[in-house]
Every structure is written in structure tokens, then in C-alpha cells.
Amino acid sequence: MSESGPSSHSHLAPGTPLCAGCGGLQALQQLYRVLGDKTVVVNAAGCMTLLSIYPFTPFAGSWLYTAMACAAAGAQGVRDALDIQLAKGRISSAEDLATVVLTGDGSAYGMGLSATSAALDRGLDFLYLCYDNEGYGNTGHQYSSATPRAAHTATSRVSGYAGSKKDLFAIWAAHRPSYVATAIAAEPQDLARKVKKAAALRGPRLLLVLAPCPTGWGFDPALTVKVGQLAVETGIWPLKEYVDGRAVHTKIPRQRTPLAEYLRLQGRFAHLFSPQPDEQRLAELQQAVEDYWQQVTE
Amino acid sequence: MYRIRLHGRGGQGIKTASRILGTALFRSGFEVQDAPRYGAERRGAPIFAYVRADDKVICERGLIHQPNLVVVADETLFDLPAANVLEGLDGRAVLLINSERSAQDWCRQLQLPGQVTVLDGAAVVREAGRVPAGALCVGAAARLLGVVSRRALLQAVAEELAGHDAAAIQTSQQAVSQAYELFAGEAGLVQRLQSGAKKSVTTPPKWVELDCEALPRAAPTITMAATSALVKTGLWRTRRPRIDRALCSRCGLCRTLCPEGGIDLDGEGYPVIDYRYCKGCLLCAAQCPRRAIAVADERTVSPPQPKEGEP
């Protein structure tokens, strides 16, 4: 790359305005290496909208911007248009493109969920990538329904978010789609395998990727991967997939690292440790992780 | 009227700095405006903030093109044309730079008609503790204005940082106070310009009348792929990772994990970092299993030389 400049169409080009150490961009890079430019990326408003600011874009393939609530509806239009072109013989099946929705958690868990649910009802053939940075990262990190309990955000300042993170995996699985998986860029092999698996299927497919966010979560950008690995090792971000009506964990952390080690690295949880550790709340958060793994039987 | 323009990078607390300064001036009896301007809205990207203060109602609006005080929290912004740090500096304006270099040094380099003064923020931080550069600059700026008492300033800090823990507020107050003290000898250096002395302080844009053009020309479709490579985000970097080939096992993990796609493999399978784009997140250095990636301060290495004709 340093000799010739980026030219490969299976890579996202550099030069994007996303924050240094972005865990979402990291996942998108890994996804794009598998899917490449034979895609139409339908992007709802969020951090990733800033990828394509006229006249610059990192995508080698197509990109379409939609409002926050409508990415799945936009994807329906793109898919229909491609199907009509195919049916009329205007493009060959070799020229067909995959429809990929790209949104953050604000859209995936909240504003866009209604349109997404409707697309699932219709069995729309699309792949949905959600980069979940657990808040409205693009506007100063206000809480979303993906924000974990007790996390400090711009709109939960005093003692952190009082709600609990919504289970989007279960919501998708309840629609009985073709595929649902959680992943994280800090586990690149697991992520790549899931992207390949999803790409080979038809129908609605979700890749729900936890995106450690140095800016919104308050940690040094060099720690993005470390934070991601700890999310898996502590068991707070279970890696799993749903296929053929069954959910299976792809990595079970049997010797789980104490959750506090994950929380301690992040400024958004600093109030749980300073001025002195809030043992009661830390124990509650740890218990929620224990309760989750208790019901995992494989 | 005081027209103050603050420059910094996202993450340096420039928005908060302008709010503290605005509140301190308000508490000192002034009519005040303060407004941040985010631009790319990204940590590390240039950010601007504007403060106006007057003893009567302020009818001006918008960006400050002709300031009487310019505060630069990050000296590397002088290299960025987009930051436009020197815009509108005339003989009466004061330029405050957060830098370890001397004022004489900066005067020589910039060749400006106005006064240049320097805050050694790094020295204050060594003594008072870690405080964002923006806050330090506010302490100095308030003293340069000469019309803000220490009491009003510290109250403003407490007010604007409300919601942060008490220790953080106290550290900030100490640092702001120290910066304020350092400028005792230059209190009131900033001249207050009579509002209305200049009829118009903003230069009206030079309108160019354009005829309606055909749509493909007026709103051209960009069909070229991957144009973001024209944007050299390497300018964001303050520290750079460097791969030691002697230690590298060519596992390629750094390439896989780089969020920017800024690492490629050479013919022999060694990773090569493209410094035109590397934003300096340094997660490659943190993750390298052989610890083959060292970290160097960007100021100690020569700037990358982009080759002619490259995108």
C-alpha cells in the first residue's frame, strides 16, 4: 500500500474521519475484506455516516445513506431494484450485489427496530451489520437502549445508566431469520468465520458486533483490542450464533475473568471504583453475568 | 468588545474552555456569547470556539474573523491550513500559544504584527496534575483580559464542571489558578476594542453569480471508488508506531487489527505501516505478540514525505 496507494477493491480505503482506535471501523474493515465491493451498503445515520462525506468515500462498492429509522426499508428498495434488474435481464447474476445494512446501536436497537422487524417479516434477503458502541457515539455519547447498566453517558451522568442493555440477539432470533450472530473485532477469526457463514446464506441475517469506543467509553485508543478481549473473557459479551432455529455459543469462557477488570479500564465506569469501590453495584453487575451463563447449557 | 477565538483539537476541552471563559466574564458583569464549532467532531480533529463579551447587548453573531485574542491550545495546529489559526490577527491582537517554546521563538517563526505570549502548559500539568489543555489556556486568557477576578474564574470552573467528581474539579481549579498566576505580569494585555468602532467586523463574502447548470454538472456523481485515500489522516498522529523487522514474526496480526486499513504486507510478508494514514491509535503496538512495535514521539521523527503523484 505504501508503494502504490490503496487499490484493492476488497479493502476499505484509509483516510476516514472516524476516531483513532475505533472498534466499529475495525469490525467493518474485517467484514469488507470478506464481502468486498460487490455490495450496496445501506447506512443509517450514525458515526459511520461520516465514512462517506462528499466527495470522499472509503468504499470501493456502492453506498446509500438513509435516515436513522429507515435503513432496513432502504435495503428493501435496493434489493427490489436489483431483483427487477435481474428479472428483466438487465444485469447478470454475476453482477448482482449483496445488500448490507450498516447501522449503530441507536438505530439497530431503537429507532430503526420497527422497520427492521418489518423487513424480517418480509424475509428480506439482506445482511445487517450493527456496530454496537452502546450509546449515541456520534453526538457525544448519550445513552441508547444498548447502553449497559451503570455506564456513565452524556445523559446518565450521576450514577450511570439505570436501565439494562436490550437483548437484540433474542429479538432478532424471535423473528426466526436465517442467521444471527454476535461478534467482536478483537476476535478476528470468529468474526471472519461468521461473516463467511452469513454471506453464504439468503434471507435476513444479523451480525451484531460490539464496538469498543475509546471516545465514548473513556479509554486509551491503544486498548481497543484489550477491552474487546476482556468483554469476551469476562462473559459480558457472549459470542454466539443462531442458525436453523437454534442458538449456539461459539466461545464459552469457562474460567471467566472478573467483570471488574473489564469495567476498570473504562472511564464510563470510573464512578464504580472511585472514590472507593461500590462493592454492592459491582457485585450486582457480576451477578447478572453469572445469571446469564447459568442458563447456558451446552 | 472582546472577541476571543479558541483553537484546539477534539478532546482538549476547548468547548468547555469557552464555556468557562464565557461564564467567568458573565460573572464579572459582561454580556456574553460563547459558541463552539466542531467541524469533524472527532477526537484529534481541529475544533474552534468563540467568546464575545461586552458591557452592552451584543448584536454581532457568527464566527469571529477579527479577534482581539486568539488562544491556541495545540501548537501543531499552525501546520494545518484548515485550522486557520492566524486568521484576522492584526497589530492589536494578542496570540496566546500553549507551547514549551519561547514567545521570541514563535515571533521569529510567525512574523506577526501583534503580540505573542506563551503558556507552558506542560509545566503547569507537571505541577498541578493532568488537566485538559483548554482549561489551562482559560486561566491564562482570563488574566490577559484583565477584567476577570480569580474568584469569578474559579466559580466558573466549578459551575461548568458540575457533574464531575470533586477531585477533578479541584485539580482543574488548581491548574487554572496557576495559569492565571503565571500571567500576572501580562494582566490586561488584551485591548478592548470599542464595539461599533468598526462598522462591520465580518468581511462579506465575495459573491459570485452562477448561472444554473445542467444537473450532472451542478451535482456531479462521484463514480470513483475509495476516494478517502486522498485524505491524509496521518496528520492526527502525535505518536507513531514503528515496526522492528528484526523482532517481527510476520504473523500479520497488526494488519488484521488496524482499524484504518493502514498496514499492508510487503513482498516478504513483513507489515508496513502507511504513515500517511496512521492516526496513531497504537493498538498495533499494544497487541503485537512479539513486542516488535515500538512507539516514538512524532516530534522526534521527521515528517513523512509523500511521494509526488500519489493519491
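This is a predicted model: local features need pLDDT of at least 70, side-chain atom pairs count only at pLDDT 80 or more; totals for chains, interfaces and linings use all residues.
**View 1. The contact between chain B and chain A.** Chain A contributes 43 residues to the contact, and chain B contributes 38 residues. About 3400 Å² is buried between the two chains. Carbon and sulfur atoms give 53% of that area. Between chain B and chain A there are 15 residue pairs in polar contact, both at pLDDT 80 or more. The count of salt bridges between them is 0. On the side of chain B that touches chain A, α8 (253-257) and α9 (283-287) of chain B each supply at least two residues. The residues of that side comprise 19 nonpolar, 12 charged and 7 polar.

**View 2. The cis peptide bond at Pro55(A).** Tyr54(A) and Pro55(A) are joined by a cis peptide bond. Its omega is about 0°. Pro55(A) sits in the loop between β1 (39-44) and β2 (62-66) of chain A. Most peptide bonds are trans.

**View 3. The cis peptide bond at Pro275(A).** Here a cis peptide bond links Ser274(A) to Pro275(A), with omega about 5°. Pro275(A) belongs to the loop between α9 (259-264) and α10 (279-294) of chain A.

**View 4. Positive phi at His141(A).** His141(A) is not a glycine, yet its phi is positive, near 60°. The residue lies in the loop between β4 (126-132) and α5 (168-173) of chain A. His141(A) counts as buried because its relative accessibility is 4%, under the 20% cut-off.

**View 5. Positive phi at Arg176(A).** Arg176(A), also a residue other than glycine, has a positive phi of about 55°. Its place is the loop between α5 and β5 (179-184) of chain A. Arg176(A) has a relative accessible area of 63%, so it is exposed. Most residues other than glycine have a negative phi.

Methods: Residues are numbered from 1 along each chain as its sequence is written. Chains are lettered from A and ligands numbered from 1 in the order in which they are written. Side-chain values use heavy atoms; hydrogens and water are left out. Contact means heavy atoms within 4.5 Å. Buried area is the accessible area (1.4 Å probe) that two parts lose on being put together, summed over both. A salt bridge is a side-chain nitrogen of Lys or Arg within 4 Å of a carboxyl oxygen of Asp or Glu. A polar contact is a pair of N or O atoms within 3.5 Å; within protein, one must be able to donate a hydrogen and the other to accept it, and residues adjacent in sequence count only if both atoms are side-chain atoms. Helices (H or I, at least four residues) and strands (E, at least two) are DSSP runs, numbered from the N terminus. Ala, Val, Leu, Ile, Met, Phe, Trp, Tyr, Cys and Pro count as nonpolar, Asp, Glu, Lys and Arg as charged, and the others, Gly among them, as polar. Buried means under 20% relative accessible area, exposed over 50%, partly exposed in between (1.4 Å probe, protein chains only).
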